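Biologist: Could you bring the model up on screen so that we can go through a few spots together?
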Amino acid sequence: MNKLWKIMAAGTMALSMAACSNSGSTGGSSGSSDALSGTYSIHVEGDDWGAAVDQVVIELNKEVEGVSKDTFTVSEHKQATDWTKEDTPVVEADFDRVVEDAYTSDANGEKVDGPSKYVTLKLYTSPNDGSPFLYTMATSFNTWADPYELTFKVAEGKSLKADGVEISDFTVTGKPASKTTEADVFKASNFKSKDGYDINYSLFTPEKESKTLFVWLHGMGEGGAAQVEGTDWMVPVLANEVTEYSKEAFQTAVGGANVLVPQAPTYWMDTTGDASDSENRLNAADGTSAYTESLHELIAKVKEETKSEKVVIAGCSNGGYMTVVMAMNYGDEYDGYVPICEAVPDDKITDEQIQKMASLPMYFIWAENDPTVDPSTHEVPTVKRLKDAGGTDIQVATTADVQDTSGRFKDDEGKPYQYSGHWSWVTFDNGEAVTNDTGVKAWDWIGEKVK
């Protein structure tokens, strides 16, 4: 999840990985050298709210059996922001994790029949459970939490068998030995532009060669590589559910696409490149960016490398801002623009820029209750001006709010869980954004633009 302010970050916390540590691993009440011990590896998924640790594979020194979801308790120790305090300090906190399933497996987490040295645990995740990211008000960026550690114990009254002996006193703890993520299908790279900016980026290329390049521009909280430690190219891929763009549903809808995800050195709406306006980012936004030429140069490079002929740019919030900036500066050089909860104030867009954009294919997405980027001073008047200027392919998809549509999460009254109204990228990520008047889905619209 990506975010401009506190309301966007409350659903995402933090994660930082390090090398294997066995110092906390113990086993067997006898304390003998052949006691049960182990290490563990984690898997990080991307979801509507951001990243979450959803699976763990424990590697033991002996084969075990008798594993069920009730066998273990799991606790999480991590760096987190304390949102209950006015000054929102960063603390180290402990959380209980819910085990949804557990079984003996192979090293990759695939279930096996019978004993095994590997045990896989499926962990419950939600907007408030399992995030490996830390978002702080001090930086307004997401980083991998450090520390991030899990502790596994045999639950009270439960046991498992190793070499035919029941084990009830057993703990595995410490830092993860390794991690895999849904972002692993992307390849990381770095680009240095002619004007001197270092831009981390990742690229997904489908198995079947595609002539389309889809560019995703992240929100405020996913940049910062030049400013803060603990962030990397995975953050913008996992904090927004960018992994969806590598999967079958999106790829089918758009007819196949290479997916480019640049990471801003600071944030896209940075007008100076040194974050000197970071204390007042929204109000300082004037419709320009220090990274406009650099991003244009990177897109051209990747377009050539992938032999792409069509390019569509999309982005949310801070990235929606940059999507509009690219439209104002490069016009029909690109084949479509999808600004989501975009943050360019309408009064910063000149009539000349409106006239230029009116001829472009643009698909605007926002929620009416956005508390961060007020639609009445951003998208609503801008869309009206574009249509009044003769725009014929200015699409609008709005919702009253942003809520969980999967049925997984409910509030105390049993109603669908409500995300911040700023998080309208969730509807796009799930392929649910659809125009108010004609019923055109955003993904299908992109597919039409790149035919």
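Biologist: Which side chain does the side chain of Q263 make a polar contact with?
Modeller: The side chain of Q263 makes a polar contact with the side chain of T231, at 3.0 Å, where a polar contact is a pair of N or O atoms within 3.5 Å, and within protein one must be able to donate a hydrogen and the other to accept it, while residues adjacent in sequence count only if both atoms are side-chain atoms. This is a predicted model, so local features need pLDDT of at least 70 and side-chain atom pairs count only at pLDDT 80 or more, whereas totals for chains, interfaces and linings use all residues. Residues are numbered from 1 along each chain as its sequence is written, and side-chain values use heavy atoms, with hydrogens and water left out.

Biologist: And what lies 2.9 Å from a polar atom of that Q263 side chain?
Modeller: That is the backbone oxygen of E222.

Biologist: Is Q263 buried or exposed?
Modeller: Q263 counts as buried because its relative accessibility is 1%; buried means under 20% relative accessible area, exposed over 50%, and partly exposed in between, using a 1.4 Å probe and protein chains only.

Biologist: Which strand is Q263 in?
Modeller: Q263 lies in strand β18, which covers residues 258-263; strands (E, at least two residues) and helices (H or I, at least four) are DSSP runs, numbered from the N terminus.

Biologist: What about N258, then, buried or exposed?
Modeller: N258, which is also found in strand β18, counts as buried because its relative accessibility is 4%. The side chains of N258 and S308 are joined by a polar contact of 3.2 Å. Leaving aside neighbours within four places in sequence, N258 is in contact (heavy atoms within 4.5 Å) with residues including L203, F204, T306 and S308.

Biologist: Changing topic, why is helix α6 described as largely enclosed?
Modeller: Because 12 of the 13 residues of α6 are buried, the helix is largely enclosed by the rest of the structure. Among the elements that cover the buried residues of α6 are α5 (292-305), β19 (310-316) and α7 (351-357).

Biologist: What span should α6 have?
Modeller: Helix α6, residues 318-330, should span 18 Å at 1.5 Å a residue, and its end C-alpha atoms are 18 Å apart, so the two values agree; the expected span is 1.5 Å times one less than the number of residues.

Biologist: What follows α6?
Modeller: The helix is followed by G331, whose phi is positive, near 45 degrees.
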